[in-house]
Amino acid sequence: MKKHDPEETELRRLRSRVELLERSIAEQRLTRERLLRLNRTLRMLSDCNHALVHSADESALLDRICREVVEVGGYRLAWVGWVGYGERGEGGEVVPVAMSRHEGGCLAGGENSLEGGELCPVAGDVASESYATWLGEGVRRGCTSAISFPLRGETGIFGALNVHAAGFGAFDAEEIGLLEELANNLAHGILSLRIMAEHKRYEEQLAYQATHDPLTALPNRNLLADRISQALAWAQRHRRWIAVLFVDLDFFKFVNDSLGHGKGDQLLKMVAERLSERVRQVDTLAHQGGDKFVVVLTDLRGNEEADRAVHVIREAISLPFLMDGQELVISCSIGITVYPKDGEDAQTLVKNAEVAMYRAKEQGRNCFRYYTRELNERVASRMSMEKHLRKALENEEFELWYQPQADLNTGRLSGMEGLIRWRNAELGMVQPGSFIPLAEETGLIVQIGEWVVRTACLQNRRWQDAGLSPLTVAVNLSPRQFRDRELTGVIAGVLRETGLDPRYLGLEIVESMVMHDVESAAAMLNELKALGVKLSMDDFGTGYSSLSYLKRFPFAKLKIDLSFVRDIMTDPGSAAIAKSIISMAHNLNLSVVAEGVETEGQLEFLRAHGCNEIQGYYLSRPLPAAEFEGMLRENLRLRLREEGESLPGRTLLLIDDDPLVIEALQQLLCMHGYRVLAAESAARAFELLAGNGVGVIICDQQLPGMSGIEFLSQVKKFYPAAVRIALSGYADLEAVTEAINRGAIYKFLTKPLRDEVLLETVREAFRQYRVRG
């Protein structure tokens with residue numbers, strides 16, 4: 001038996017102890033490193049959880065998590081990616097959305113192979129081929145371990161948390177457990193933030209919808225009130241003015257009715273865009289609904305700045321709007337209020353601006369008006385009228401009165417016009433001019449108009465059944481009625497119900513109604529003509545129709561507007577228009593009716609120039625049905641002057657405001673065989689001239705309202721053949737000389753006047769008249 005060397009034995013023992021110590025030290029170092037790594041991971045998890053609790057933004061949270069993983073956890077690289085899906089829903093790329101890396105860090109990726117490194121397995125529906133590329137690059141940069149944790153939601157995996165480290169076996173079970181906990185917390189945090197973001201977006205959407213108009217995206221009534229309140233507070237502090245402009249598009253209902261609501265909405269959006277470009281950034285443009293806009297002007301020093309803004313707005317709206325290749329031209333009416341004069345709160349300022357806007361519409365539209373306190377009374381009256389008007393049909397408050405028309409060739413009645421009247425217990429007898437525009441604006445005119453047609457047809461048929469002479473009854477169509485696509489059917493139905501022959505119904509259409517849309521108007525008129533009714537163009541001369549358009553419409557009559565008839569005796573322009581209308585109508589084989597005839601002179605003038613019929617107070621005022629029936633039974637006729645009844649070769653007209661002078665001159669001239677007419681004013685003289693063939697006119701220089709020479713100058717334009725003599729107690733030689741040179745007067749006689757001089761002058765004047773004739 002071999003004996004062991006004691007030294008060798010001791011050496012082996014010492015070596016064993018050293019190896020044991022080294023293993024112990026190595027294990028302690030590994031344990032310490034594991035504990036340090038685990039501690040860093042715990043601290044990282046704590047910091048990440050803190051970030052999850054306090055973050056309000058998803059992007060910022062992801063950046064913070066990746067940074068904490070690298071800086072606190074000590075890993076080389078951390079990134080978060082979202083899962084993308086292909087067109088058929090299969091798994092696609094994991095797209096990085098946040099990343100952090102240690103200086104000199106790496107990119108890594110892979111499926112289930114590491115290409116020289118190692119990868120902790122990841123769910124197959126998250127992994128992609130791009131992982132292999134990233135991981136291979138990471139290995140070359142010293143990242144030899146990577147791990148990926150899926151981020152799961154209720155509908156599945158939506159992303160992944162990826163962590164990369166240096167060295168093999170860098171992740172132990174406890175570390176993986178903590179990282180997996182982080183991934184789960186991160187997924188929950190992301191989903192919570194998304195839910196919060198969705199709620200916030202929803203709340204913002206609700207807030208936006210509560211304060212903005214969905215069509216134009218402009219502030220609505222709610223936001224407008226807040227903006228005005230803010231502007232008022234600012235104006236009070238700085239002692240400035242603000243103005244509220246209430247803008248309403250003129251005839252927008254026509255656009256909606258004729259082109260459709262889709263085009264109307266398109267127009268509103270175009271108007272909103274155009275006004276937004278013109279309004280200052282410090283001001284507010286809001287949409288009140290329908291065709292109404294409100295502009296709030298701040299920091300004003302006077303009305304001039306508001307006037308300039310109004311000009312800009314009106315100019316912007318007046319420019320053509322291009323819709324489907326066609327230009328549409330509109331206008332607007334604007335009401336204006338100014339703080340503090342017209343109100344001290346938002347509601348009052350807007351309400352009063354709207355009142356002023358309606359006043360602008362009443363005064364012809366396409367204009368602007370400032371608010372005045374008197375307008376409130378007008379609006380209150382209007383609201384009261386509208387309230388009663390809505391019940392008028394139901395309460396049978398309307399009446400149809402009739403005004404006759406007479407033939408100027410025979411004097412016989414040739415027709416009648418049905419005119420609506422409204423008798424209300426509270427308002428009394430309301431004139432059509434007061435309630436018809438309101439009925440048109442509110443849309444009630446369609447029902448009221450149908451009642452007028454039915455009542456006129458029914459009454460006319462009753463009179464015919466009673467044996468009275470058949471006459472055509474004419475009724476007016478309103479613009480809204482005329483645009484109603486059901487109009488032809490309504491008229492046909494009324495004729496069928498009442499049994500009235502269509503030729504005894506006339507429909508009057510205002511000139512401006514057919515010129516807005518010529519093609520549609522022509523189609524509607526042809527449909528009505530096909531029913532057998534008679535069509536007339538009412539108020540002719542006040543619009544802008546032309547012969548080229550007029551001949552396309554199947555009208556049988558033109559009605560000369562009363563504004564021309566009223567001034568026909570004193571205004572050469574009105575007389576020329578009336579004569580032109582008559583001539584033009586006859587050339588188009590149309591008959592002419594003059595409305596508003598009130599004097600014999602107007603009648604004779606119109607008759608002399610070929611007018612076919614008249615209507616007006618000279619013949620008769622509008623009458624209730626019972627009184628009109630009495631007129632029909634009495635067979636009323638218009639007395640017309642017989643040919644030869646007027647003798648211009650011996651007829652003389654005296655004009656003097658002194659009845660004693662007229663009486664003396666009449667006696668003298670009548671004794672010598674002259675037919676003498678006398679007038680004390682220019683207006684009466686024009687009447688006599690129109691109804692009588694006057695050869696010589698003797699006029700005093702001093703007349704009420706104008707001089708004798710001014711009157712004779714006017715007479716020359718109407719009756720150039722008549723010989724004109726001026727008479728006066730004094731002589732303005734300059735005026736007399738000028739009048740003679742212009743041909744306004746034939747001679748000038750000075751008072752007192754000897755009889756023989758007057759008689760010789762008159763004899764010579766009639767000789768001159770015969771030469772001119």
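## A strand covered on both faces

Strand 27 has cover on both of its faces: Val723, Ile725 and Leu727 on one side, and Arg724, Ala726 and Ser728 on the other, are all buried. Here, buried means under 20% relative accessible area, exposed means over 50%, and partly exposed is in between, with a 1.4 Å probe and protein chains only. Six of the six residues of strand 27 are buried, so the rest of the structure largely encloses this strand. Strands (E, at least two residues) and helices (H or I, at least four) are DSSP runs, numbered from the N terminus.

A word on what you are looking at: this is a predicted model, in which local features need pLDDT of at least 70 and side-chain atom pairs count only at pLDDT 80 or more, while totals for chains, interfaces and linings use all residues. Residues are numbered from 1 along each chain as its sequence is written, and side-chain values use heavy atoms, with hydrogens and water left out.

Two strands count as paired if DSSP finds at least two bridges between them. Strands of a sheet pair through backbone hydrogen bonds, either parallel or antiparallel.

Let's walk along the pairings. Strand 22 (residues 651-655) runs parallel to strand 23 and is joined to it by five bridges; Ile655 has Ala679 of strand 23 as its bridge partner. Five bridges also link strand 24 with strand 27, again in parallel, and here Ile697 has Arg724 of strand 27 as its bridge partner. Between strand 27 and strand 28, which run parallel, there are four bridges. The partner of Leu727 in strand 28 is Leu749.

## Helices on the sheet

Contact means heavy atoms within 4.5 Å.

Which residues have the most contacts inside the largest nonpolar core? They are Phe482, Leu505, Leu507, Ile509, Val514, Ile697 and Phe711, in a core of 109 residues. Such a core is a set of buried Ala, Val, Leu, Ile, Met, Phe, Trp, Tyr and Cys residues joined through side-chain atoms within 4.5 Å. Helix 12 (residues 445-465) gives the largest share of this core, seven residues. Domain 3 (385-634) and domain 4 (651-772) both contribute residues, so the core lies between them; the domain bounds come from an automatic or database domain assignment.

Leaving aside neighbours within four places in sequence, Ile509 touches Leu477, Phe482, Val514, Leu525, Leu535, Ser536, Met537, Asp538 and Phe555. There is also a second, separate core of 34 residues, which includes Cys48, Val70, Phe149 and Leu186.

## Backbone details worth a look

A cis peptide bond, with omega of about 10°, joins Tyr339 and Pro340. Pro340 sits in the loop between strand 11 (332-339) and helix 9 (346-362).

Arg365 is not a glycine, yet has a positive phi of about 65°. This residue lies in the loop between helix 9 and strand 12 (368-370), and is partly exposed at 30% relative accessible area. Asn366 has its place in the loop between helix 9 and strand 12, with a positive phi near 50°; Asn366 is partly exposed at 41%. Most residues other than glycine have a negative phi, and most peptide bonds are trans.

## The whole chain and its confidence

The protein chain has 26 helices and 28 strands, and 46% of its 773 residues count as buried. Among contacts between residues at least 6 apart in sequence, 67% join residues at least 24 apart.

The mean pLDDT of the chain is 83, and 87% of its residues reach 70 or more; pLDDT is the predictor's confidence in each residue, from 0 to 100. Over residues 86-90 it stays under 50, and the model has two contacts for them beyond four places in sequence. Residues 107-130 have pLDDT below 50, and this stretch makes 72 contacts in the model beyond near neighbours in sequence. Where pLDDT is low, the predicted coordinates should not be read in detail.
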